[in-house]
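Visitor: I am new to this structure and would like to know what stands behind the words used for it. Please show it to me.

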Amino acid sequence: MNVRWVTTISMVLATVAAQAQQGRPPSDTGEGLLQEVVVTAQKREERLQDVPVAVTAFAAEQLKALDIKSVLDLGSLAPNLQVGPGVPNNTGTQISIRGAMQQNPALYWDPTVGIYLDGVYVGKNLGNVFDVVDLERVEVLRGPQGTLYGRNTLAGAVNFITREPTGEFGGNLQVNLGNYNLRTAKASLDLPRFGIASISLTARKENRDGTTDTTAGSSVAELDDRDSTTARVAMNLDFTDDFQIAYRFDYSDIDQTPLHSYLSRANPAVLPFLQPFVTHERSERVSIDGPTFDRSKVYGHALTASWNINDTNTLKSITSHRKVEWSDALDLDGSPVPVASLSRLSDYDATSQELQLVGNTGRFNYVGGLYYFKDDGFTNNPQHFFFNTLNYDSRYGYGTKAWAAYGQVDYKATDSLTLTAGLRYTREEKRIERQLAFQALPAMPGFATLIRPGTTADETFTDTTPVLIVAYKFTDSVNAYAKYAEGFKSGGFNGEYGDPDPSPAGVALNEQETRTPFQPEKVQSYELGLKTSFAGGRAIVNMALFQNDTDDLQLSIFRTVGAFSSVIRNAGQASTRGFELEAMWAPSDALRLQASYAYLDAKYDKYIDAGVNEADNRAFIHAPENSFNLLADARIARTAWGDLRGMLDYSWTDDYFTYPYQLARSGPRYNPAAAIAGDTRIKSYGVLNARLALTDITLKGSQAEIALWSRNLTDEEQILNYIDFGPAFGSMTDAYYLTPRTYGLEVSFRW
């Protein structure tokens, strides 16, 4: 960020603070107090400050001001959280918490961060970017959540909680217009209660032109556009005071184009015809030739039945089914030359059933349950290289059956001391189905088999994950805890491996690699936390120290020997340690200041490659050492029309690696045939967002709000991710940039 912008921001913040301090001083009536946030991080409602878990929560008003509607919008708003697109797709994500992440976006691969929508697990990272309309709260839980949340939450979990129907007639309408011809409309309607039923309906439509235009003759007219339709139905049925059923349906239909693959590097000796298209800056107009699209359809059903057995015990049944139809086509060379393109055409279904008992008696609080999960998917992954002379027919199917039983008990030993113990047993069956063939024109008019159709394998993985917590309340406003927890990410099979050797020995090697499972990844986590509130409820400071020790770390090593494929390996052992700080202060009812900071030290303790421990010569990915977020939300003035409010939100992230490649560039540890991690290292960067709104405008029978907003206000030209094809493919490297500055006008009505 340049000096001019820093000066401008400082002046704005100073003006905002001065205006805010002119407001009425806080009093015992509650003015200036921070809003008390209630979370369900432990499967029951608790005050955020009382929960012995490192969790960041965003309430409805803050979600609206920050324009958070999907997991992709979370960015780095919580300490040690990184969320970005699953390059180059805007319909998938890469999520990292405390340095643990899923790098490979393929659907056979399980995430390390669990995404939950109203208590239902969203199984994969592709197709998980859909607008969650009518959000009430978002909770980001950091650290392994294996006891209460189970599968694939060894890094943490993100809970999206939607709004309950009110049972009273009302609604809201929101319209958004912005640059790149942005047009967004959202409508929500609550129907009057009818008998036992309360129903709300919501729909959202978004269209936006691409941020990157293409030249005449390109395969598409633009890239990185938006075209999505989202709908939600929420119905509550109150049969009696003690028995209710809640049904939720969500639908998302996205048909747009992905990010452009900017060609940032190519070896001129191997790829001389690509040299005119190598660039080190973002362009407004580019040229591509391959089929290009990014499509996702998601259908979600969830049925939750709640029975209040008595005043202290509630039994829940949560049944869900989710279906994802996801496909893309990518021009990966970033040029009008047909060097590399592929498609992934996928169908995925997931069904889950959970029985959950939540209750308390005397000094005990407890939660226990049984869980079943089943998913099934298939991906057709055709690939084309070098003027379509080298083609691959790659297909893989995948599936899981999982069972679990869990329980957790809190014992209030004294008024100040609470002891918690929990345990979860998980059993998972994984399967793979694979076939692969290739064609080399003109010598090979037909396809040669590399993996025979019908090649299958299955394996069962089990684990028991405990949690132990000691929480001590020094006063009503000072709570401390010590926590030990374990996390488990299931093993599985590689759906993408393939060497281009059609000989019997080559086919046998490919099939052996396909049938050989990689092992589960496990983490042991140690955490100390302190949660404090002071200044009469106007200030909060929360801190956490942690260390995670990981065994059998799962790494996907991207390779371009033949088809685009990956080698899945258990790297060995890794340790991450860090510190997290969150602070909020409301000096008056007119001003709220918020800050978070995270420090992360991540390293491999053992990384065996070809029989050699390369722990000190391999990069730890998506683990910035330092990161922070600053937010100021102020009432600038009170007018006859309404309150004028301003918000500034700034996030900064340290540099980080994107591939677990070698660190050495010379010397005996350097391998000239292998990629270098430093070639795809992301530079440190900051992003500023802003919003200026006239709120609480009173109209006849309704209230209105008018807001001006901007994301990436300073128009930073920043690379966020890479694809490095390695020396075997001429060191071709794609760069993916942060979305340029967007801005617009938002008008909303509520009645």
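Guide: Pro 442 sits in the loop between strand E26 (417-440) and strand E27 (448-475). Helices (H or I, at least four residues) and strands (E, at least two) are DSSP runs, numbered from the N terminus. A cis peptide bond joins Leu 441 to Pro 442.

Visitor: What makes the bond between Leu 441 and Pro 442 cis?

Guide: Its omega is about 0°. Most peptide bonds are trans.

Visitor: What kind of model is this, and how are residues numbered?

Guide: The model is predicted: local features need pLDDT of at least 70, side-chain atom pairs count only at pLDDT 80 or more, and totals for chains, interfaces and linings use all residues. Residues are numbered from 1 along each chain as its sequence is written, and side-chain values use heavy atoms, with hydrogens and water left out.

Visitor: How do you know what confidence the predictor has in the protein?

Guide: From pLDDT, the predictor's confidence in each residue, from 0 to 100. The protein has a mean of 91, and 95% of its residues reach 70 or more.

Visitor: Why is Gln 49 called buried?

Guide: Buried means under 20% relative accessible area, exposed over 50%, and partly exposed in between (1.4 Å probe, protein chains only). Gln 49 has 10% relative accessibility, so it counts as buried. The residue is in the loop between strand E2 (46-47) and strand E3 (55-59).

Visitor: Which residues are in contact with Gln 49, leaving aside its neighbours within four places in sequence?

Guide: They are Asn 479, Lys 531, Thr 532, Ser 533, Ile 540 and Asn 542. Contact means heavy atoms within 4.5 Å.

Visitor: Why does Ala 329 count as buried?

Guide: Its relative accessibility is 1%, so Ala 329 falls under the limit for buried. Ala 329 lies in strand E21 (residues 313-331). Not counting residues up to four places away in sequence, Ala 329 touches Pro 258, Pro 291, Thr 292, Phe 293, Leu 342 and Ser 343.

Visitor: What is noted about the phi of Asp 134?

Guide: Asp 134 has a positive phi of about 65° although it is not a glycine. Most residues other than glycine have a negative phi. Asp 134 lies in the loop between strand E8 (120-122) and strand E9 (135-142), and at 5% relative accessibility Asp 134 counts as buried. His 622, also not a glycine, has a positive phi near 50°. His 622 is in the loop between strand E35 (612-613) and strand E36 (626-638), and with a relative accessible area of 7% His 622 is buried.

Visitor: How do you know that strand E37 and strand E40 pair?

Guide: Two strands pair if DSSP finds at least two bridges between them. Strand E37 (residues 643-653) and strand E40 (residues 685-699) are joined by 11 bridges and run antiparallel. Tyr 650 has Leu 688 in E40 as its bridge partner. E40 is also joined to strand E41 (residues 702-711), by 8 bridges, again antiparallel. The hairpin of E40 and E41 has 2 residues between the strands, and there Gly 701 takes a positive phi near 75°.

Visitor: Why are strand E18 and strand E42 said to stand at the edges?

Guide: An open sheet of 3 strands has the order E18-E43-E42, with antiparallel pairing. Strand E18 (262-265) and strand E42 (719-724) each have a single partner strand, so one side of each is left without a neighbour in the sheet.

Visitor: How do you know that the radius of gyration agrees with a compact globule?

Guide: The radius is taken over C-alpha atoms, and the globule rule is 2.2 Å times the number of residues to the power 0.38. For 751 residues a compact globule would come near 27 Å; the protein has 26 Å, so the value agrees. Of the 751 residues, 57% count as buried.
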